[in-house]
Amino acid sequence: MSSNTSPLLTDQNAATTIDIEDVTHFLLELDALKRVNCRSYVTNTDRRENSAEHSWHLAMACWSIAELFELDVNHEKLLKMALVHDLGEIDAGDTFLYADSRHDAHVEERAGVARLQGERGNGIGNLSEIWEAQETGSSKETELLKVVDRLLPFLLNLNTEGKTWRELGVTRSQVAGAHAFIQDSFAPIHKWLSHNIDYATQQGWLIDK
């Protein structure tokens, strides 16, 4: 039976210089993000999520919130930034939000993204540029990304009875401080967070200080 489906690659000459071995090399470099474990636990399990799972969740959450609240953002830019957000952790590893070394994490992560940018088989010419935009930019897309990136681990903690918070002795003031900027960025989400910080403290999941 013949098919009317057009071939995906119509210009064979355009691909003559591309080595598929290089393409698959880069895909495996990206796969390494699945081996980087975060601190938050996946709901209804006893395992921690990995950074690739977090990146997927971040992209989907940003997309949904942008649509639901009809935000004036560039969806392509937003989703690309969400997808590259944690790529630097392939080399640098995950840094806990409340760790003393948190402020230095971007240095190793930036170097890791630069390495990926130069890997053979990478077809994303502006990978480092997109990563830098989400890391240090001030666009609406960056602002939303940072809000959602803080929201998701909080949500997982809230639905695992504060498992990470309890294991690592996280305090109410640490959580409130880390999420304070959301008041100006996205007040409805900050209001929800504040209410649930109170709830988590009452439940004993956060140290009350």
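Buried residues make up 38% of the 209 residues in the chain. Buried here means under 20% relative accessible area, exposed over 50%, and partly exposed in between, with a 1.4 Å probe and protein chains only. This is a predicted model: local features need pLDDT of at least 70, side-chain atom pairs count only at pLDDT 80 or more, and totals for chains, interfaces and linings use all residues. Residues are numbered from 1 along each chain as its sequence is written, and side-chain values use heavy atoms, with hydrogens and water left out.

**Whole chain**

Start with a cartoon view. The chain has 11 helices and 2 strands. Both kinds of element are DSSP runs numbered from the N terminus: helices are H or I with at least four residues, strands are E with at least two. In order from the N terminus, the elements read α-β-β-α-α-α-α-α-α-α-α-α-α. Along the principal axes, the C-alpha atoms fill a box of roughly 65 × 40 × 35 Å. Accessible surface comes to about 12200 Å², and 51% of that belongs to carbon and sulfur atoms. Such areas come from the Shrake-Rupley method with a 1.4 Å probe; for residues, only the protein chains shown count as cover. Of the contacts between residues at least 6 apart in sequence, 66% join residues at least 24 apart. A contact means heavy atoms within 4.5 Å.

**The hairpin**

Strand 1 (residues 37-41) and strand 2 (residues 48-50) run antiparallel, joined by 2 bridges. Two strands pair if DSSP finds at least two bridges between them. Asn37 stands opposite Asn50 in strand 2. The hairpin has 6 residues between its strands, and Asn44 takes a positive phi near 65° there.

**Helix 2 and the surface**

Next, show Trp56, Met60 and Trp63. These three form a nonpolar patch on the surface, with about 360 Å² of accessible area together. Patch residues have over 30% relative accessible area and no salt bridge; like charges are joined within 9 Å, and nonpolar side chains (Val, Leu, Ile, Met, Phe, Trp, Tyr) within 5 Å. A salt bridge is a side-chain nitrogen of Lys or Arg within 4 Å of a carboxyl oxygen of Asp or Glu. Trp63 sits in helix 2 and is partly exposed, at 40% relative accessible area.

**Two loops**

Move on to Glu70, in the loop between helix 2 (51-68) and helix 3 (75-84). Glu70 has a positive phi of about 50°, although it is not a glycine. Its relative accessible area is 71%, so Glu70 is exposed. Then jump to Glu161, in the loop between helix 7 (140-158) and helix 8 (163-168). Glu161 is another non-glycine residue with positive phi, near 55°.

**Lys140**

Pick Lys140 in helix 7. Lys140 counts as partly exposed, at 49% relative accessibility. Beyond neighbours within four places in sequence, Lys140 contacts Asp72 and Val73. Lys140 and Asp72 are 68 residues apart in sequence, yet 7.8 Å apart C-alpha to C-alpha.

**The core**

Finish inside. The largest nonpolar core has 44 residues; Leu87, Val148, Trp165 and Val175 have the most contacts inside it. Such a core is a set of buried Ala, Val, Leu, Ile, Met, Phe, Trp, Tyr and Cys residues joined through side-chain atoms within 4.5 Å. Helices supplying at least two residues each include helix 5 (105-117), helix 6 (127-136), helix 9 (172-179) and helix 11 (187-202). Helix 7 gives the most, with 8 residues. Now centre on Val175. Leaving aside neighbours within four places in sequence, Val175 contacts Tyr98, Phe154, Trp165, Val170, Ile197 and Leu206.
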